[in-house]
Amino acid sequence: MDFDLEDHLSKLEKKPYRDGWKEDGWEEDFDSTAIFMNKQPTQEEIDASPTLSAIQAIKYQEDDPEETALEHKDDGNEQFKRKLYRFAIKAYTEGIRQKCSNNELNAVLYTNRAAAHFHIGNSQSSLDDALQGLKLKPDHMKAIVRCVDCCLKMRRFKEAIDHCDRGLQLDPNEKRLVEKRALATKEKKCQERDERKQKLQAKKLMDGRKELLTAIRDRNVQLRQTESEAAESSTVGSEPGSDEDLIRCLRLDVMSEVSVSLEESGSLCWPVRFLYPEHNQSDVISAFEENSRFLDHFEVMFSPEDVVPWDKAKVYSVDNLEIYFEDFDRELLVKFDPSSTLREVLANMRCHVYHGQPTFVILSRASDFRDQYLAQYGQN
């Protein structure tokens, strides 16, 4: 018979051994096999192994919900010790889902899950669980302390003080709560002080804006809204109506380094933009005082001692400059005397201001480009 078996085996097709441990990695395979493991696997390793998952399922096949909840609590504690907080949350959650009748055990599960949530920055979830734990066990000191820590973390200092007082009624000598209450009281005072400052600053800002808007209305400056601004406006058309419309139109509702301002002297300072279409250049004067003349600024900007880098032909001198604003309704350029003040020009009903920034076009009468540019508007 032995000869027959040997003869049969010799006739079988020879195949490489594929499913066994590899020679160069057998130790890792050995350690990852459930029966030979010499350390407790992590939940991640359990989830990745069908064998370990099956063993875990057998472990939790208890008829008693309390026993099963207790098993999950112990697993959660083990994951918590390893700082695997998300796996700990999962284990505590499974324990809570057993809905056992032991309120004290349920309170511990909620409080432990609150601790795990707290360690990964889920302060609100942590607080919710701690409060749930207190509903089940009102004298649970760990849950009270966790509520305090969460409220401190979220800067809800009054609530933190209330939780401290609740715990101190149970144990007036609880050192942690005495210290945390003192901290919460101190932080609450600072918070209230900061809120008062913010309210005063907000009131000052609003009062300043009202004075600014009144000054602009008194000067009859022709502010205009873009199409997108008009879509949000309380009025129909391009002219802003309410204070909110004016604030949006002047770009006061966004953080901007350049916006119109009202000086203590009562004069307005505007951010003014000059366009040089011949060279695709522009200048911005961030605070153009309304009573100053355009000519005064030109004499500084185009001083004979200074070189304008883009003016290679040197035709942009004070004597050659012409300044215009655009009449958007008629699609024309309106020329004005550079010896005019900004306030005088903005009083012109045809001078419209968009984006809270008066914009002007500068041409040189000594350049051929002037006539070409004006021709686009049917002007000469």
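This is a predicted model: local features need pLDDT of at least 70, side-chain atom pairs count only at pLDDT 80 or more; totals for chains, interfaces and linings use all residues.

Analyst: Residues are numbered from 1 along each chain as its sequence is written, and side-chain values use heavy atoms, with hydrogens and water left out.

User: Why is α8 called roughly antiparallel to α9?

Analyst: The axes of α8 (residues 123–136) and α9 (residues 141–153) cross at roughly 155° and come within 9 Å, where axes are lines fitted to C-alpha atoms, for helices over the stretch in contact, and angles run from 0 to 180 degrees between N-to-C directions. Angles over 145 degrees count as roughly antiparallel, under 35 as roughly parallel, 65 to 115 as roughly perpendicular and the rest as oblique, and α8 is therefore roughly antiparallel to α9. Helices here are DSSP runs (H or I, at least four residues), numbered from the N terminus.

User: Which residues make the contact of α8 with α9?

Analyst: With contact meaning heavy atoms within 4.5 Å, α8 contributes Ser123, Ser126, Leu127, Ala130, Leu131 and Leu134, and α9 contributes residues including Ile144, Cys147 and Cys150. The residues of this contact divide into nine nonpolar, two polar and two charged, where Ala, Val, Leu, Ile, Met, Phe, Trp, Tyr, Cys and Pro count as nonpolar, Asp, Glu, Lys and Arg as charged, and the others, Gly among them, as polar.

User: What makes α5 roughly parallel to α7?

Analyst: The axes of α5 (residues 65–81) and α7 come within 11 Å and cross at roughly 25°, and because of that angle α5 is roughly parallel to α7. Among the residues that meet are Leu70 and Phe80 in α5 and Leu105 and Leu109 in α7, and the contact has eight nonpolar, three polar and two charged residues.

User: How do you know that the structure holds a cavity?

Analyst: On a 1 Å grid over the protein atoms alone, a cavity is a set of points where a 1.4 Å probe fits but cannot get out, and the structure holds one cavity of 30 Å³ or more. The largest cavity has a volume of about 30 Å³, a volume being the space filled by probe spheres set on the points, which are joined across faces, edges and corners. Lining residues, which have an atom within 4 Å of a point, are Arg219, Val221, Trp270, Glu290, Arg343, Leu346 and Ala347 for the largest cavity.

Note on methods: Helices (H or I, at least four residues) and strands (E, at least two) are DSSP runs, numbered from the N terminus. On a 1 Å grid over the protein atoms alone, a cavity is a set of points where a 1.4 Å probe fits but cannot get out, and a pocket is an open set with protein on both sides within 12 Å along at least five of seven lines; lining residues have an atom within 4 Å of a point.
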